Amino acid sequence: MDIRDTRVKFSAVAAAVVLVAGFLFYVQHRTSGHEPYRGPLAAPGTPAAEPHRTRRIALNTQPADYPRLRELGYDLVDVKADASLIAGVPAGMQALLWVGNFTCDDFELDWDAFKRAVQRFGRDPRVYGWYLSDEPNTGDCPEVAGEIRRRAAYVRANAPGQVSFISLTDWPMRPLTPERVGVDLVGLDPYPCKGSPETREHCDIGAIDRMVRMADSAGIPRAKVAPVLQTFGQSCAKGDRQYWLPTQAQFRRILARWDRVAPRPPLEISYSWGRQDEWACPTLADATGGGHPDLQTLMRARNRAG
């Protein structure tokens with residue numbers, strides 16, 4: 001994730017390729033200080049009427065990571081729409097295919113290449129869905145909403161049973177609701193442990209409420225929200241160094257707040273598994289105890305509980 005201090009984007013690594021996907025990312029404020037959110041809490045969410053399994057993905061992984069991810073209860077991996085990469089997805093896991101763009105950048109695949117990919121993989125049981133855009137910024141490039149809309153429509157018509165997904169931050173959300181652009185799921189990526197690369201006593205848990213309230217106001221149904229969990233810090237990164245890896249106690253609070261506002265979501269995302277030299281270090285791959293909080297144990301228990 002390419003953190004600059006305005007927005008957050010996350011990327012995927014498959015084979016030796018770093019995939020730009022959700023969650024390179026910009027940080028939300030360009031000042032070294034950080035003011036915690038003190039507004040109203042988001043209303044509690046309502047669990048789905050019909051029980052379902054939450055699908056779980058950790059971003060920035062390589063095939064060598066897949067056995068450990070499965071052990072921790074993750075069942076999705078992010079790869080490009082490439083036959084050799086999809087073939088490497090192990091049994092019991094599926095692929096979320098990165099085919100999108102970041103903010104106002106060009107799409108990973110142009111329209112014709114995108115259609116060919118959907119035609120090739122739209123009925124492949126190893127594919128869970130299509131990651132169509134990461135933090136599209138309709139304030140600066142309003143035309144991106146239309147492009148997402150036509151790609152989501154193509155997935156819906158040609159990839160039965162597969163999902164279309166976008167990730168949003170605190171740029172304008174209203175043009176990008178599922179009703180307006182036709183996507184199935186929308187990621188939200190507040191990162192509460194912000195303001196320093198070194199651990200502080202409190203994370204801004206209210207940042208989750210703030211972004212969920214933004215999504216509510218835009219018209220995004222809670223049932224279509226995919227939480228993005230902060231599993232990274234920047235104490236060994238070379239970038240803006242504005243985030244710290246949550247402690248176990250802080251991470252439990254993050255999980256509890258997400259469970260309050262988005263209980264049993266269809267999809268849950270951990271950012272990040274793999275290190276990114278400039279933006280994410282340490283990460284969940286490092287979070288095994290000792291020199292870092294043991295977040296892997298917490299995620300194993302959470303993921304295996306369903």
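A residue is taken as buried when its relative accessible area is under 20%. In this predicted model, Tyr 191 has a relative accessible area of 4% and is therefore buried. Tyr 243, at 0% relative accessibility, likewise counts as buried.

Aromatic pairs were then examined, and the count comes to eleven. In one of these, the ring centres of Tyr 191 and Phe 232 lie 5.1 Å apart with the planes at 80°, so the arrangement is edge-to-face. This pair connects distant parts of the chain, since Tyr 191 belongs to the loop between β8 (185-188) and α6 (206-218), whereas Phe 232 belongs to the loop between β9 (225-230) and α7, 41 residues away. Both Tyr 191 and Phe 232 are buried. Tyr 191 also pairs with Tyr 243; the centres are 6.2 Å apart and the planes stand at 85°, so this pair is edge-to-face as well. Tyr 243 lies in the loop between β9 and α7, so its pairing with Tyr 191, in the loop between β8 and α6, ties together parts 52 residues apart in sequence. Elsewhere, ring pairs join Trp 111, Phe 114, Trp 130 and Tyr 154 into a cluster.

Helix α7 (residues 248-261) packs against helix α8 (residues 295-304) at an angle of about 30°, the axes being 10 Å apart. The two helices are therefore roughly parallel to each other, and their crossing is right-handed. On the α7 side, Gln 248, Phe 251, Arg 252, Leu 255 and Asp 259 meet Leu 295, Leu 298, Met 299 and Arg 302 of α8. The residues of this contact comprise five nonpolar, one polar and three charged.

Technical notes:
Residues are numbered from 1 along each chain as its sequence is written. This is a predicted model: local features need pLDDT of at least 70, side-chain atom pairs count only at pLDDT 80 or more; totals for chains, interfaces and linings use all residues. Side-chain values use heavy atoms; hydrogens and water are left out. Axes are lines fitted to C-alpha atoms, for helices over the stretch in contact, and angles run from 0 to 180 degrees between N-to-C directions. Helices (H or I, at least four residues) and strands (E, at least two) are DSSP runs, numbered from the N terminus. Angles under 35 degrees count as roughly parallel, over 145 as roughly antiparallel, 65 to 115 as roughly perpendicular and the rest as oblique. A crossing is left-handed if the near helix is turned anticlockwise from the far one by less than a right angle, and right-handed if clockwise. Contact means heavy atoms within 4.5 Å. Ala, Val, Leu, Ile, Met, Phe, Trp, Tyr, Cys and Pro count as nonpolar, Asp, Glu, Lys and Arg as charged, and the others, Gly among them, as polar. Rings of Phe, Tyr and Trp (its six-membered ring) pair if their centres lie within 6.5 Å; planes under 30 degrees apart count as stacked, over 60 as edge-to-face and the rest as tilted. Buried means under 20% relative accessible area, exposed over 50%, partly exposed in between (1.4 Å probe, protein chains only).
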